[in-house]
Amino acid sequence: MPLYTDLPTTDAERQKMLNRALTDRTRCVAIGNQFDNFDYSTAKNGINDFVEASFQRITSIITETMESFDGSATQATRSDHNNLR
Amino acid sequence: MGVPHKLRDQITTIYGKKIGEKNDFIVEHALAFLKRFFFDDASITIVLSSDQIYDVVLNYFVDIQRFKERRDMQEEQTSSGKIAAFTAKWLVKFKPLSVVIQPNSQASEATTFIARHINEIFAVSHAERILGKEFPRKLFLELVLDFRQKKFSETQLYMVLEQHIGYYAHN
């Protein structure tokens with residue numbers, strides 16, 4: 001049974017395919033670059049203050065959530081227990 | 001999925017400035033983030049992969065270009081909502097942060113949860129930094145859990161992010 005494929009079989013073909021992929025990828029990045037005018041340098045400044053504030057808030061969100069999970073779990077267990085009785 | 005080193009060098013040489021700035025921004029944020037959350041505990045090992053962050057950055061720019069090409073050529077610049085969404089998408093996908101907690105660690109349950117969801121939490125927090133505003137607490141947690149537990153296709157993930165992040169960027 002014949003097998004048809006575009007897989008490269010020689011080194012030259014492999015190189016050609018790689019070059020094509022590189023060019024396409026590079027072009028995408030280059031164009032994408034032009035559309036992004038976000039000021040990363042400014043956003044980088046003060047990142048430690050931002051992280052400090054995030055730390056407090058995220059820790060509080062997670063702790064609160066875990067406590068509420070524990071609360072619901074305990075409540076569910078009590079309810080199941082009552083139903084069984 | 002990773003970008004070959006040869007391509008990296010080529011891209012960085014030609015378009016280095018913007019890529020470098022975005023890369024530095026994510027690295028700086030990730031380092032500060034990991035140190036603040038885990039540095040005090042000797043039983044916790046933290047790892048930051050610069051390779052993976054580079055992949056995040058390059059794939060982000062490819063996404064922006066494809067998005068412009070297919071859907072949105074009228075708009076001159078990319079909105080901060082889309083910047084946040086595409087960046088978060090690749091952070092969740094490549095997972096450049098790792099946290100290993102030793103079995104004998106005294107880390108709290110909250111710390112363990114944060115360690116297990118480190119990339120998702122960082123992605124949402126990074127999106128907040130890009131947008132310059134905080135998500136409501138409930139939404140923050142929903143996004144983290146959605147990123148972690150739901151299996152999104154590329155399109156679905158983008159739509160979820162655009163719905164949440166884009167909405168808050170414009171309101």
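This is a predicted model: local features need pLDDT of at least 70, side-chain atom pairs count only at pLDDT 80 or more; totals for chains, interfaces and linings use all residues.
Contact here means heavy atoms within 4.5 Å. Among contacts in chain B between residues at least 6 apart in sequence, 75% join residues at least 24 apart.

**Ground rules.** I count residues from 1 along each chain as its sequence is written, and I letter chains from A and number ligands from 1 in the order in which they are written. I take local features only at pLDDT of at least 70 and side-chain atom pairs only at pLDDT 80 or more, while totals for chains, interfaces and linings use all residues, and side-chain values rest on heavy atoms, with hydrogens and water left out.

**Secondary structure.** I use DSSP runs numbered from the N terminus: helices are H or I with at least four residues, strands are E with at least two. Chain B has seven helices and two strands. I read its pattern along the sequence as α-β-α-α-β-α-α-α-α. Chain A has three helices and zero strands. Its elements run α-α-α from the N terminus on.

**Burial and surface.** I call a residue buried under 20% relative accessible area, exposed over 50%, and partly exposed in between (1.4 Å probe, protein chains only). In chain B, 53% of the 171 residues count as buried. In chain A, buried residues make up 29% of the 85 residues. I took areas from the Shrake-Rupley method with a 1.4 Å probe; for residues, only the protein chains shown count as cover. Chain B comes to about 8,200 Å² of accessible surface, 50% of it belonging to carbon and sulfur atoms. For chain A the surface is about 6,000 Å², with 55% belonging to carbon and sulfur atoms.

**Confidence in chain A.** I checked pLDDT, the predictor's confidence in each residue, from 0 to 100. Chain A averages 74, and 56% of the residues score at least 70. Where is confidence lowest in chain A? It is lowest in helix α1 (residues 11-35), at a mean of 70. It is highest in helix α2 (residues 40-44), at 90.

**Aromatic pairs.** I pair rings of Phe, Tyr and Trp (its six-membered ring) if their centres lie within 6.5 Å; planes under 30 degrees apart count as stacked, over 60 as edge-to-face and the rest as tilted. The count is nine aromatic pairs over all chains. I picked out A:Tyr40 and B:Phe25, a tilted pair at 5.7 Å centre to centre with 45° between the planes. A:Tyr40 lies in helix α2 of chain A and B:Phe25 in helix α1 (residues 5-38) of chain B, so the pair joins two chains. Both A:Tyr40 and B:Phe25 are buried. I also noted one aromatic cluster, formed by A:Phe55, B:Phe33, B:Phe37, B:Phe38 and B:Phe122.

**Charges over rings.** My rule is NZ of Lys or CZ of Arg within 6 Å of the ring centre and within 35 degrees of the ring normal. The charged end of B:Arg36 sits over the ring of A:Phe55, 3.8 Å from its centre. The charged end of B:Lys22 sits over the ring of B:Tyr60, 3.8 Å from its centre.

**Nonpolar core.** I define a core as buried Ala, Val, Leu, Ile, Met, Phe, Trp, Tyr and Cys residues joined through side-chain atoms within 4.5 Å. Which residues have the most contacts inside the largest core? They are A:Ile62 and B:Phe38, in a core of 64 residues. Leaving out residues up to four places away in sequence, I find B:Phe38 touching B:Ile44, B:Ile46, B:Val99, B:Thr111, B:Ile114, B:Ala115 and B:Ile118. In soluble globular proteins, nonpolar side chains tend to be buried together.

**Single residues.** I looked at A:Ser54 in helix α3 (residues 47-84) of chain A. A:Ser54 counts as buried, at 4% relative accessibility. Residues up to four places away in sequence aside, A:Ser54 touches A:Thr59, B:Phe37 and B:Ser125.

B:Lys95 has a positive phi of about 50° although it is not a glycine. Most residues other than glycine have a negative phi. I place B:Lys95 in the loop between α3 (80-94) and β2 (97-101) of chain B. At 39% relative accessibility, B:Lys95 is partly exposed.

Is B:Ser79 buried or exposed? B:Ser79 counts as buried, at 13% relative accessibility. I find B:Ser79 in the loop between α2 (50-70) and α3 of chain B. B:Ser79 and B:Leu131 are 52 residues apart in sequence and 9.5 Å apart in space, C-alpha to C-alpha.

B:Pro103 lies in the loop between β2 and α4 (109-116) of chain B. B:Pro103 is exposed, with a relative accessible area of 82%.
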